[in-house]
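Please walk me through this structure.

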Amino acid sequence: MDTVNEAKAATRGPLIKIFDVLTCVAGVLICIAGVMAFWWGTGTFGAWPPYKWNGCIGGIFIFGFGLTAFWLVAVGGEFISTWFKFLDVYLGRGCYFVYLGLRIIPMGQAFCLTAGGLVAIFGAANIIVHFLFEVESIAGETTPLMSQYKSMTGSE
């Protein structure tokens, strides 16, 4: 049984780094989908009735959610780990990405269908990883990607 735990511990570090990079990619995809939804939403935006505002306002929210996902692993910080504690475990991140993927899919464009599907699948992978590896805190296991980049290049 110890060899199984040792194998899990040995693969946990690289796996977390891979998932951090994929989280950045997912965040960028979500931001792009949010900008596209805002752009298409402005085409149907009218003074009244308010149901026409959904695409435009939904795009702003999706962009914000994507920025949060990107910021989470690229920069890190006290704000996200304090106010969005559920994103510090893979189960929380997985549910977050599944929700965002399902929110992006019906936006009506081929890019959104593809990006939303990929984000939802990535969310399911996060949920699976949560049950395979016991990670108490993702932030406690890794450093933000920008800090890693600065230490590799020697820049401040």
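Helices α4 and α5 cross with a left-handed sense. This comes from a predicted model. Helix α4 covers residues 90-104, and helix α5 covers residues 110-132. Their axes lie 7 Å apart, at an angle of about 165 degrees. An angle over 145 degrees counts as roughly antiparallel. Therefore α4 runs roughly antiparallel to α5.

Which residues of α4 and α5 make the contact? From α4 come Tyr90, Leu91, Arg93, Gly94, Cys95, Phe97, Val98, Leu100, Gly101 and Ile104. From α5 come Cys112, Gly116, Val119, Ala120, Phe122, Gly123, Ala124, Asn126, Ile127, Val129, His130 and Phe131. By type, the residues of this contact split into 15 nonpolar, six polar and one charged.

Now take α4 by itself. It has 15 residues, so at 1.5 Å a residue it should span 21 Å. The C-alpha atoms at its ends are 21 Å apart, which agrees. Several of its residues are buried: Tyr90, Gly92, Arg93, Gly94, Tyr96, Phe97, Leu100, Gly101 and Ile104.

Look at Gly101, a residue of helix α4. Is Gly101 buried or exposed? Its relative accessible area is 0%, so Gly101 is buried. Setting aside neighbours within four places in sequence, Gly101 is in contact with Gly116, Val119 and Ala120. Gly101 and Thr114 are 13 residues apart in sequence. Their C-alpha atoms are 9.4 Å apart in space.

The buried residues in α5 include Cys112, Ala115, Gly116, Gly117 and Val119. Ala120, Phe122, Gly123, Asn126 and Val129 are buried in α5 too.

Phe131 also lies in helix α5. Exposed means over 50% relative accessible area. Phe131 has 59% relative accessibility, so it counts as exposed. Phe131 is still one of the α5 residues in the contact with α4. How far apart are the C-alpha atoms of Phe131 and Leu91? They are separated by 8.1 Å, while the two residues are 40 residues apart along the chain.

Helix α4 has another partner. Helix α2, residues 54-74, packs against α4 at an angle of about 150 degrees. The axes of α2 and α4 are 11 Å apart. That angle makes α2 roughly antiparallel to α4. The crossing of α2 and α4 is left-handed. On the α2 side, the contact uses Asn54, Gly58, Ile62, Phe65, Thr68, Ala69, Leu72 and Val73. On the α4 side, it uses Arg93, Tyr96, Phe97, Tyr99, Leu100, Arg103 and Ile104. The residues of this contact divide into ten nonpolar, three polar and two charged.

What of α2 itself? Its 21 residues should span 30 Å at 1.5 Å a residue, and its end C-alpha atoms are 30 Å apart, which agrees. Buried in α2 are Cys56, Gly58, Gly59, Ile62, Gly66, Thr68, Ala69, Leu72, Val73 and Ala74. Just past the end of α2 comes Gly76, which takes a positive phi of about 75 degrees.

One more residue brings in another helix. Ala26 has its place in helix α1, residues 2-44. Buried means under 20% relative accessible area. Ala26 has 5%, so it is buried. Which residues does Ala26 touch, not counting those up to four places away in sequence? They are Phe97, Val119 and Phe122. Phe97 is among the α4 residues that contact α5, and Val119 and Phe122 are among the α5 residues of that contact. Ala26 and Gly116 are 90 residues apart in sequence. From C-alpha to C-alpha, they are 9.4 Å apart in space.

Last, the whole protein. How many helices and strands does the protein have? It has seven helices and zero strands. From the N terminus on, its elements run α-α-α-α-α-α-α. Of its 156 residues, 35% count as buried. Consider contacts between residues at least 6 apart in sequence. Among these, 73% join residues at least 24 apart.

Terms used: Residues numbered from 1 in each chain as written. Predicted model: local features only at pLDDT ≥ 70, side-chain atom pairs only at ≥ 80, totals over all residues. Heavy atoms only, no water. Axes fitted to C-alpha atoms, helices over the stretch in contact; angles between N-to-C directions. Helix = DSSP H or I, 4+ residues; strand = E, 2+ residues; numbered from the N terminus. Parallel < 35°, antiparallel > 145°, perpendicular 65-115°, else oblique. Left-handed = near helix turned anticlockwise from the far one by under 90°. Contact = heavy atoms within 4.5 Å. Nonpolar A, V, L, I, M, F, W, Y, C, P; charged D, E, K, R; others polar. Expected span 1.5 Å × (residues − 1). Buried < 20%, exposed > 50% of the residue type's maximum accessible area, 1.4 Å probe, protein only.
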